[in-house]
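I opened my notebook for a walk through a new model. Here is what I looked up, entry by entry.

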Amino acid sequence: MIELKMFPASYGDSFLLTCKGNRRTHIIIDMGFSSTYENFIKYELQKIRNDGISLLIFTHVDEDHILGGIKFLKQNKCANPENKIDIGEIWYNSFRHIQFEKAEKNNSYTSQNSYIEDLLKRGHPRELGTREVSDVGYVQGSTIASLILDNNYLSIWNKSFDYQAVMVSSDITKKYVINDEVVITLLSPNSENLDLLSQKWAAKLASVGYSGIIDSEEIMDDAFEIYMSNQQFEHKKRRVDNVSSFTQSIEEISKKPFEPDTAEINGSSIAFILEFEGKRLLFLGDSHSDVVEHNLRKLLKQTNNDEEKLWFDLVKVSHHGSKFNTSVDLLNLIASNKYVFSTNGRGKNFSHPDIETIYRIVSTDKTKNKELIFNYKPIRILNKFNQPELLNEYSYSIKYNNDMALPGKEVTTEIII
């Protein structure tokens, strides 16, 4: 049996996946915001303390995926032995993992301009929806990368990848086995995705006149993480809700051409297939649709699979249901009766989930009795899709746990597979 817990992470992502076989394998996928950890995750972790976390995945450098992890790693370091949570392995790509053309190190980091110092002082971005800056402003050991090192987790950091980047192998059929029972196949990122992210950081350093050696020292790990997290924060703040979409028919919306996500940070997101006891789940993080499509096609071809589509018992939809991350081409390769969306439901500032994504899913996947599962009431799409004629025609239902109109009463969404 597989048990999936989707935490109320505002507009972020956070999941606890438990596979119950000969032993219990607990996998954490992202940790949302610090409030997600404080209000929900830490209590669930105490329930599994005796088992420990088999695998902790931070899909990519984005504040709505990692800030809760910073809280957890800080507290876990200082926890009493009876409360400390053991971790089997951590998957997370920092600056040190994406330098594919490293300069020869001939000196240490030196302060040759103020950009790095100013960036570190800035710290991670403010958590939207609160009046306080998250308790992750930069001090020594305030990033995921530095806390992994500070907690002496270097020996388990990307261990399955020989301590290099978590990225798709040239052999797409390569399996990563957790606790001898759980099998993971990676679909994203590829080396090109990570190289683009590395180039973005290098270009930024060059633009501000940084002249130090770009190496994998801890200070660069921290600066890289903070810069990328702030980049995503600024990008999201600029997004404007397209209210005109509410006046268009679903047919008009469906005719819009697919515009792919081009954000380098999302392109670096870890996406994977998880298999356990005959069940198969697809977790897409914030990944780019074309990369996942390409690797699913390779997987179908290299496994001599006669199926035109891969069946999944659950699909975690990419990027909170963004229309830029779920294409019809991708949906033509998969089928499922459960599509999971992690988003706060209002679409405020971020337009998630998008109407286009919902329509693509319900109209492309002909599976009967599909469930669209949200951790918050999906106010943005309800007026369009909670209509009897559509529910019957496309054979789907809408399920959710938390109503944003009832603050303080949030609960964790639990799904049994």
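The entries below go from the whole fold to single residues.

**Ground rules**

I worked on a predicted model, in which local features need pLDDT of at least 70, side-chain atom pairs count only at pLDDT 80 or more, and totals for chains, interfaces and linings use all residues. Residues are numbered from 1 along each chain as its sequence is written, and side-chain values use heavy atoms, with hydrogens and water left out.

**Overall fold**

I found 13 helices and 16 strands in the protein. Both are DSSP runs numbered from the N terminus: H or I of at least four residues for helices, E of at least two for strands. Next I looked up burial, where buried means under 20% relative accessible area, exposed over 50% and partly exposed in between, with a 1.4 Å probe and protein chains only. Of the 417 residues, 57% count as buried. I then turned to contacts, meaning heavy atoms within 4.5 Å. Among contacts with a separation of 6 or more, 76% come from residues 24 or more positions apart.

In soluble globular proteins, nonpolar side chains tend to be buried together.

I also listed the partners of Leu296: beyond its neighbours within four places in sequence, Leu296 is in contact with Leu187, Ile273, Leu310, Phe312, Leu330, Leu333 and Ile334.

**Aromatic pairs**

How many aromatic pairs are there? I counted 13 aromatic pairs. Rings of Phe, Tyr and Trp (its six-membered ring) pair if their centres lie within 6.5 Å; planes under 30 degrees apart are stacked, over 60 edge-to-face, and the rest tilted.

Tyr11 and Phe33 have ring centres 4.9 Å apart and planes at 75°, so I noted the pair as edge-to-face. Tyr11 sits in the loop between strand S1 (2-6) and strand S2 (14-20), while Phe33 sits in the loop between strand S3 (24-31) and helix H1 (34-47), 22 residues apart. Tyr11 is buried at 5% relative accessible area, and Phe33 is buried at 2%.

Phe95 and Phe224 make a tilted pair, 5.8 Å centre to centre with 45° between the planes. Phe95 lies in the loop between S5 and H3 and Phe224 in helix H6 (residues 218-238), so the pair ties together parts that are 129 residues apart in sequence. Both Phe95 and Phe224 are buried.

**His97**

Is His97 buried or exposed? His97 counts as buried because its relative accessibility is 6%. I placed His97 in the loop between strand S5 (90-91) and helix H3 (115-122). Its side chain reaches the backbone nitrogen of Ser94 at 3.0 Å, and a polar contact of 3.4 Å joins it to the side chain of Asn158. A polar contact is a pair of N or O atoms within 3.5 Å; within protein, one must be able to donate a hydrogen and the other to accept it, and residues adjacent in sequence count only if both atoms are side-chain atoms.

A cis peptide bond joins Ser188 and Pro189, with omega about 0°. Pro189 lies in the loop between strand S7 (182-188) and helix H5 (191-207). Val168 and Pro189 are 21 residues apart in sequence and 6.0 Å apart in space, C-alpha to C-alpha. I noted Val168 as buried, at 13% relative accessibility.

**Positive phi**

Ser10, not a glycine, has a positive phi of about 55°, and Ser10 is partly exposed at 24%. Asn369 also has a positive phi, near 55°, and counts as exposed at 60% relative accessibility.
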